[in-house]
Amino acid sequence: MSSDYEYSDDEYLYDDDDEDMLSPQDGSAASSDDDMAMDTFGDDFKVPPREKRKSYEVDHDSLSHDAVKKLMAADVDHIAGIFGVDANTAELLLHHLAWNKERLIEKYMDNASAVSVAAGISLPSRASPSSSAAPIRYQGSSTRSSAATRRPARQQTPGARSLPPSSPSSNDAVLTPALAKQERFVCPICFDDSQTRFLSLSCEHQFCAECWNAYVTGKIREEGEHAIRCMAEGCALVAPRTFVLRDALPAPSEDKGTRERYEELQLRHFVASTASLKYCPYPSCTYTVSCPAASTKSSLISMVPTVTCGANATPAHKFCFGCAIESDHRPVICPVARMWLQKCEDDSETANWIKSNTKECSKCQSTIEKNGGCNHMTCKKCKHEFCWVCMGPWSEHGSAWYSCNRYDEKAGVDARDAQSKSRASLERYLHYYNRWANHEQSAKLSVELYSKTEKKMEEMQLTSELTWIEVQFMRKAVDEVEKCRMTLKWTYAMAYYLDKGNEKELFEDNQRDLERAVEDLSELLESPIDPEAISMLRQKVTDRTVYVSKRNEIMLEDTATGFQEGRWKWNVPVEGFD
Amino acid sequence: MASISARRLKKELTEINHEGTPTGIKLLSADDFETWFFSIEVLGNTLYQGEVFKLMFRFDGHYPISSPAVQFVVDQTHQAPIHPHVYSNGHICASILGNDWSPVLSVASVCITLQSMLASCKSKERPPDNDRYVAHAPDNPKKTRFHYDVDRV
Ligand SMILES: [Zn+2]
Ligand SMILES: [Zn+2]
Ligand SMILES: [Zn+2]
Ligand SMILES: [Zn+2]
Ligand SMILES: [Zn+2]
Ligand SMILES: [Zn+2]
């Protein structure tokens with residue numbers, strides 16, 4: 001998509017930005033988060049105002065329903081202007097070539113009449129151009145055969161005769177009210193001789209207005225069709241917008257629904273055909289997101305296009321522009337995330353036991369249920385402290401944090417020397433899967449953490465001088481933990497496919513730092529509150545939240561930059577690299 | 001809508017009664033404007049010489065704006081013709097009964113099209129997906145979204 005015409009797209013986008021009440025914070029979720037943090041927490045969180053896009057963010061715009069309509073109309077105007085045709089014709093041409101202006105222009109310049117025929121605008125012409133533009137069409141007899149036979153076509157400017165864009169008076173050419181008295185025309189579909197209003201497209205296949213109405217309404221409502229062909233057998237002409245809306249459908253006062261559905265179907269086709277546009281997938285949301293940077297398959301190997309629509313919703317409508325896997329799977333790119341999920345699905349049987357919510361204490365074997373986000377477990381019975389992820393004693397984590405996040409392949413292979421290779425590869429997978437699933441589960445459990453936190457916040461207000469606003473640091477901390485667990489989750493999918501080497505080690509260093517910071521904060525949030533030490537707790541939580549946020553930033557920034565630099569090497573072929 | 005459908009079918013019935021049906025096609029019954037039956041055979045030197053089939057037309061209130069449901073009858077005395085576009089339950093994969101239906105087509109023109117579909121058949125075979133389709137087919141063939149072959153009929 002790089003043509004001389006492309007600039008107009010951008011131009012319209014910016015225009016819409018100005019006109020369509022898109023306030024600045026609609027641009028992206030990250031910016032509004034930061035604003036919130038500034039407002040709510042005052043000096044606790046010193047987040048510098050955002051100046052420019054971060055490397056893990058992607059430029060995108062949120063468009064209202066009307067803004068998309070304008071984009072579509074702009075394309076139509078653009079083509080109408082270049083080709084010197086009316087808007088109806090331009091729209092049919094664009095529809096035919098799936099709104100690919102560049103290809104349309106190329107094909108139209110090459111052979112305008114062939115494109116017009118293929119687009120259902122005009123019949124293949126055999127006769128020489130006719131100069132007599134009779135205002136009233138020839139009326140066929142009422143026999144079955146005549147209706148099905150094509151009239152000799154005349155040379156015509158596409159669609160122009162039957163459908164001038166903005167002059168209702170010339171509509172007389174299509175409508176033939178109170179037919180010439182000498183010949184009585186009967187509609188070949190309904191044979192209702194009381195019908196007096198007849199319509200045809202430029203093919204002159206006449207049918208009564210009531211049949212057209214029933215046909216067009218059925219196509220739109222029953223079949224969800226918006227490119228509606230002429231009713232005559234084998235006739236390939238497509239009814240242009242004006243014909244549908246002004247001539248075939250009843251007045252807006254009688255049937256508003258069908259008109260709206262028709263417009264909606266056209267808009268959907270436009271959005272579906274335009275690679276840089278996507279509907280917001282949240283139920284009944286009417287926004288569309290424009291993200292030209294992520295409109296090609298090859299762009300998805302160097303970025304994760306996480307976008308947010310302009311709906312004023314809590315939480316914001318965040319989704320991935322490149323896939324439907326998960327709303328935000330940063331830092332890992334779409335094709336690798338997809339590969340990972342597929343693998344998890346294929347191996348789910350083997351991995352099932354890990355997902356289970358319960359484990360046995362490694363010391364006394366009593367069953368322990370995980371009911372919070374923290375990985376620091378304490379057995380109720382024997383007070384043994386251990387790590388939920390690796391089951392190792394917690395003491396080793398607390399002091400030295402031995403590399404729980406890293407599957408040291410060499411050491412592993414050495415240790416499992418006796419075991420088969422397939423067993424080793426399964427264990428390698430389980431190592432990553434285990435951590436991936438654990439973060440997912442912990443993030444889910446954050447609902448519980450939320451209500452616990454809320455209780456604590458209430459407690460704090462009662463036992464200290466802190467106001468409601470001032471205890472919000474707990475909520476902010478919980479939010480941050482959840483967000484970072486999602487990052488961590490996907491880092492394990494990424495690490496599984498990263499090729500061995502320095503780059504992967506640096507990646508895993510960042511991962512380990514983030515994980516440690518998250519577990520520290522998570523643990524702090526679950527510890528009991530000492531009313532005497534609330535201000536200290538507040539300071540601690542606030543500091544750790546800032547630190548976690550910083551580690552997350554570093555993780556995302558570095559991974560995204562690595563994609564841009566092509567620094568990450570995969571141990572399997574990844575879709576899009578070819 | 002029901003009135004369009006009734007008027008149109010009345011008109012078609014009158015025409016059939018006056019002008020007769022095309023050769024090889026006979027009206028068996030048309031007791032109402034919902035279900036009609038025809039017998040159909042392919043004359044001349046074809047693979048279906050001597051075979052007589054029974055066709056059922058079902059009309060809803062939207063006929064002829066929407067197509068009739070047409071299928072071969074399969075019962076004790078009738079079989080569906082063995083043809084690459086005809087399933088053993090009598091359902092027919094023909095584009096004029098779906099995508100390419102035009103409201104100007106009629107019961108008679110559908111009969112003629114099906115007759116010539118049989119006449120041009122070169123080898124008596126069921127559709128390759130016959131068993132799979134028949135096992136899950138809806139009662140009304142209009143509910144099936146057929147994938148039409150390149151050689152449209
Ligand atoms: Zn009519
Ligand atoms: Zn036509
Ligand atoms: Zn939305
Ligand atoms: Zn994605
Ligand atoms: Zn224990
Ligand atoms: Zn551990």
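User: To start, are Cys230(A) and Cys235(A) buried or exposed?

Analyst: Keep in mind that this is a predicted model. Both cysteines, Cys230(A) and Cys235(A), are buried. They also hold a metal: the zinc ion (ligand 2) is coordinated through SG of Cys203(A), ND1 of His205(A), and the SG atoms of Cys230(A) and Cys235(A), at 1.9 to 2.3 Å. Angles between those four donor atoms run from 96 to 117°, so the arrangement is tetrahedral. Along the sequence, the donor spacing reads C-x1-H-x24-C-x4-C.

Now for the zinc ion (ligand 4). Here the donors are SG of Cys320(A), Cys323(A) and Cys334(A), plus NE2 of His329(A), at 2.0 to 2.3 Å. This arrangement is tetrahedral because the four donor atoms subtend angles of 101 to 116°. The spacing for this zinc ion (ligand 4) is C-x2-C-x5-H-x4-C. As for burial, Cys320(A) counts as buried because its relative accessibility is 4%, and His329(A) is buried too, with a relative accessible area of 1%.

On to the chain contact. It takes 16 residues from chain A and 15 from chain B. About 1500 Å² is buried between the two chains, with carbon and sulfur atoms giving 62% of that. On the chain B side, Arg7(B), Ile65(B) and Val104(B) supply 36% of the area chain B buries against chain A, more than any other three residues. Arg7(B) also forms a salt bridge with Asp192(A), with the closest N and O atoms 3.3 Å apart. Between chain B and chain A the salt bridge count is two.

Conventions:
Residues are numbered from 1 along each chain as its sequence is written. Chains are lettered from A and ligands numbered from 1 in the order in which they are written. This is a predicted model: local features need pLDDT of at least 70, side-chain atom pairs count only at pLDDT 80 or more; totals for chains, interfaces and linings use all residues. Side-chain values use heavy atoms; hydrogens and water are left out. Donors are N, O and S atoms within 2.8 Å of the metal (3.2 Å for Na, K and Ca); water is not among the atoms, so sites may look incomplete. Four donors count as tetrahedral if all angles lie between 85 and 135 degrees; four count as square planar and six as octahedral if opposite donors are over 155 degrees apart and all others between 65 and 115; anything else is irregular. Buried means under 20% relative accessible area, exposed over 50%, partly exposed in between (1.4 Å probe, protein chains only). Contact means heavy atoms within 4.5 Å. Buried area is the accessible area (1.4 Å probe) that two parts lose on being put together, summed over both. A salt bridge is a side-chain nitrogen of Lys or Arg within 4 Å of a carboxyl oxygen of Asp or Glu.
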